[in-house]
Amino acid sequence: MSKTNNLAPTETMRMLENAVHLKHTTVAFHPFRILTHNLRASLTFWLAYAFIAQVIYAIWTREESKANVVVSLYGGFWLLLASRLVEWDRITNHLPALARFIQFPSRFVCIAYPLLIVGLGLSFEHILHHKQKWVQIAAYASLGMLTFAAADCLVITLTSNAWAGYQNNVGRSRNTKFGEETQKTSSRKKKKKAMEDYGVYHPVKLDDRRKQALVDTNAATHAHDLQAFLDMTKKAIPDYLPVYKWDPEPDVPSHLYTYKWKQYYTMENSKITAAYRKSVMNHNRNVKVKTVKHGLKLTWKAKKGKHKQQLPVITYKQSKLTVNGRVLTKYKRNRVGAPTVPEKTRGTNTAYLEFQTPFWIKLAIAVSLLGQFAAVVWGLLWRGGSFKKREEKKA
């Protein structure tokens, strides 16, 4: 996509704020809730101590389990990168592209947590073979308590995240619309104008009307009509949209490089968001959009005095647009590629939008899948051969 399209960059984030931080918990009212704060961006002291102890134990018993050392040290490395112990803001001052590319260092826990949990499993397996009975009993008791705590944590986390829309603060996001509720603020007119002009983000007040809209939207996830939720929830973000119009780049002195470029990208992304919101999300309902086998089908009736229609879709360089039986090679596009096309003056107009995937992409996917299959077959044959040799040696 990047080779043939100018794509909108992802949002520039404050990386230190989005790194993993330690969180205090209490067991006064509910002992099992000591794990409920172990989320992507937060880690309880309890589990942090357990991971530190795991790494120390793996190093201490390194002669008995090299696999434990490898997974524990590697998991600890990624957890360190995900944490606020790394001076991410200072790093991104010199490498600002990282703030758009990585965005959230806390994402590294997707690598760290599984590895460290595997390490804990290996350590418990080693402890359970301990000769002293009281050590085995303590290990089994710890595993039982952790299992109950993890199950309770999972239920609480899923429940709270389901209500919040599976993302922190999504309920207060002006970029996310729920149902037909209006987003009231103290300076509503001023912020609405800014939103229409630039798509600027302003957190909204989580009032009763907004809360009810959240409740209704979540209820739609259980509705028989699977489209209901998508009709009620709309989120305008500029990431990876094609951009056909950029404002002039700023002439930036070296000492203001990071600040000015961040400001420039923020404003450009705001304008891209506004264009997407206006041309696609809030489009004229006169145009009906339907999914078909190879893409989208759009139908509309021409209005008097108009011979052109803007379609509520996004077109990339690989997009094939057919209007009333004719493939269009040249047509007007707005900032994010929403096309304006000629129409018939009478009757129903029909357009088809298709994305033409290059052949080499299909070939690369096929090679990748075949390579994975070959690796599995080779691994099974190698393991079978090793097992056969061991059996021959025993014999």
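Reader: Does Glu268 count as buried or exposed, and at what relative accessibility?

Author: This is a predicted model, where local features need pLDDT of at least 70, side-chain atom pairs count only at pLDDT 80 or more, and totals for chains, interfaces and linings use all residues. Residues are numbered from 1 along each chain as its sequence is written, and side-chain values use heavy atoms, with hydrogens and water left out. Buried means under 20% relative accessible area, exposed over 50%, and partly exposed in between (1.4 Å probe, protein chains only). By that rule Glu268 is buried, at 2%.

Reader: Okay, and which side chain meets Glu268 in a salt bridge?

Author: A salt bridge here is a side-chain nitrogen of Lys or Arg within 4 Å of a carboxyl oxygen of Asp or Glu. For Glu268 the N to O distance is 3.7 Å, and the partner is Arg335.

Reader: How many residues apart are Glu268 and Arg335?

Author: Helices (H or I, at least four residues) and strands (E, at least two) are DSSP runs, numbered from the N terminus. Glu268 sits in helix α10 (residues 257-281), while Arg335 is in the loop between β10 (332-333) and β11 (339-342), so the pair links distant parts of the chain, 67 residues apart.

Reader: Which residues do salt bridges with shared partners join into one network?

Author: Arg335 is buried too, with a relative accessible area of 13%. The network takes in Glu268 and Arg335, plus Asp247 and Lys271.

Reader: Where does Asp89 lie, the residue that forms a salt bridge with Arg14?

Author: The closest N and O atoms of Arg14 and Asp89 are 2.9 Å apart. Arg14 is in the segment before β1 (21-23), so the pair ties together parts 75 residues apart in sequence. Asp89 is in helix α3 (residues 88-94).

Reader: What is the relative accessible area of Arg14?

Author: Arg14 also forms a salt bridge with Glu17, at 3.6 Å between the closest N and O atoms. Arg14 itself is partly exposed, at 40%.
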